[in-house]
Amino acid sequence: MTKRIGVPVFPGTNSEDETVRLLNDCGGDAELVHWSQAQRLAGYDAYVLSGGFAYEDRIRAGAIAAHDRMMDFVIEGAARGKLVLGICNGAQILLEAGLVPGTGGVRKPTAAFTRNAPEPHFVCRHVYMKLAMDPSRCAITRALEPGALVPAWAANAEGRLAADDAHLREIVAGEHLAFVYAAADGSVDDAAVPNGSALRCAGLVNRTGNVLAIMPHPERDGWNFNHLDRSAGTDVLEPSGGAVLFRSFVAAVSS
Amino acid sequence: MSGTRAVAVSLKIPDNAAYTALVALRRLGVSAERVERSEIWTFEEDGGAAESLEARVEADETIFNPNKHRLTLLDQAAPRAGEVWIRRRDATTGGPAAVAWRLFGARGEPAGREVLAAAVERLLCNPAIETAIYSA
């Protein structure tokens, strides 16, 4: 039986269509679930929270969505081992919901993807996410190569990982640092970080490895027609580039 | 007048964020009848300015838009009754000094410390990046 992937749509979500399309182009069975039909989420095997501005980021990015009825199902599913991927605003929601890094309990955030620094401005920049852990640490990245580079677009004003020093140490010690920003050649330095993110963090994983939160958008670099490196093939509709993470996600859901 | 002075800039048009907070707080079991939100801007005054602080803030269009904002000069640079200020831990990134949330009960009375603390703990503050300042 095909495993089904639910993509929750909160008021203000805006990247849901390309997320569903890339999941399906990578062999998945994904569909949208709108906030008015939250209870439908119980019937899905995995979830992808896409980007946007859920509830207009009122109070804080992801704060209201983290308490939405839809997140009750996502939180319950994550506790039962379902795979959850959050992208950009979806990642912010996962941190506000306390699912990632998961060091403080449900809806008890211990970190945040928050206002960029040193300039608190919106950033739109092509980036590379480098896998910073063993691929098997997280089910969603299991099909990636060690140190894999995933091309994506950083498009956020609040994408900087922030936490107090003790929690940052806990993130490192607990192997929650999933992805760091890197240059195209894989080298890791501050110049590759678009937003001042602590630990050069582009993504975090929870303790059990089934919930992954990433700030950049691989789905915006997911087909030949829209990624910068056009050498992957002549079919413009062929998934490529950032699709590598979606393929890995779909493979993990299907296994 | 010299020293630190504070103004609260709030919306005189409907504040959707405040209403969303009210609905979410009620869902989380916090007893509130009304929520007001404002941005707190603080200024160091040496008493030498020719214009009043209000006049200078109202002339700064990055802070104040007369078509939608209301300005309140605070007696003290501290939260009022029923109010909590949420301040970012990293003050280096600009913006207001704090966001003020003022909660009121069913009879219009300012919320007590217990209600404010519940609102802060359940929704208004992410302790990883923010700190809550209560009235004395």
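Q: What makes residues of chain A and chain B count as being in contact, and how many on each side do so?
A: Two residues are in contact if their C-beta atoms, placed from the backbone, lie within 7 Å. By this criterion, 20 residues of chain A are in contact with 16 residues of chain B. Sorted by class, the side of chain A that touches chain B holds 11 nonpolar, 4 polar and 5 charged residues. Here Ala, Val, Leu, Ile, Met, Phe, Trp, Tyr, Cys and Pro count as nonpolar, Asp, Glu, Lys and Arg as charged, and the others, Gly among them, as polar.

Q: What kind of model is this, and how are its parts labelled?
A: This is a predicted model, in which local features need pLDDT of at least 70 and side-chain atom pairs count only at pLDDT 80 or more, while totals for chains, interfaces and linings use all residues. Residues are numbered from 1 along each chain as its sequence is written, and chains are lettered from A and ligands numbered from 1 in the order in which they are written.

Q: What confidence does the predictor give to chain B, and what are the scores of the model?
A: The predictor's confidence in each residue is pLDDT, on a scale from 0 to 100. Chain B has a mean pLDDT of 93, and 96% of its residues reach 70 or more. The model scores ipTM 0.91 and pTM 0.95.

Q: Why is A:His167 called buried rather than exposed?
A: A residue is buried if 20 or more other C-beta atoms lie within 10 Å of its own, exposed if 12 or fewer, and partly exposed in between, with C-beta atoms placed from the backbone. A:His167 has 21 other C-beta atoms within 10 Å and is therefore buried. Leaving aside residues up to four places away in sequence, A:His167 touches A:Thr103, A:Thr110, A:Ala111 and B:Ala128.

Q: Why is A:Ala38 classed as partly exposed?
A: A:Ala38 has 18 C-beta neighbours inside 10 Å, so it counts as partly exposed. This residue is placed in the loop between strand S2 (30-34) and S3 of chain A. A:Ala38 touches A:Arg69, A:Met70 and A:Phe73, not counting residues up to four places away in sequence.

Q: What makes helix H3 of chain A mostly covered, and what do its buried residues pack against?
A: In helix H3 (residues 89-96) of chain A, 8 of its 8 residues are buried. These buried residues pack against strand S3 (46-49), strand S4 (83-87), strand S5 (112-114) and strand S11 (211-214) of chain A.

Q: How do you know that both faces of S4(A) are covered?
A: On one side, A:Leu83, A:Leu85 and A:Ile87 are buried, and on the other, A:Val84 and A:Gly86 are buried.

Q: What makes S4(A) a partner of S3(A) and of S11(A)?
A: Two strands pair if DSSP finds at least two bridges between them. S3(A) and S4(A) are joined by 4 bridges and run parallel, with A:Ala46 opposite A:Leu83. S4(A) and S11(A) are likewise parallel, joined by 4 bridges, and A:Val84 stands opposite A:Val211.

Q: What does the term right-handed say of the β-α-β unit formed by S3(A), helix H2 and S4(A)?
A: A crossover is right-handed if, with the strands pointing away from the viewer, the path from the first strand over the helix to the second runs clockwise. The unit made by S3(A), helix H2 (residues 69-79) of chain A and S4(A) is of this right-handed kind.

Q: What makes the backbone at A:Leu199 and A:Pro101 worth noting?
A: Most residues other than glycine have a negative phi, and most peptide bonds are trans. A:Leu199 is not a glycine, yet its phi is positive, about 60°. A cis peptide bond joins A:Val100 and A:Pro101, with omega about -5°.

Methods: Helices (H or I, at least four residues) and strands (E, at least two) are DSSP runs, numbered from the N terminus.
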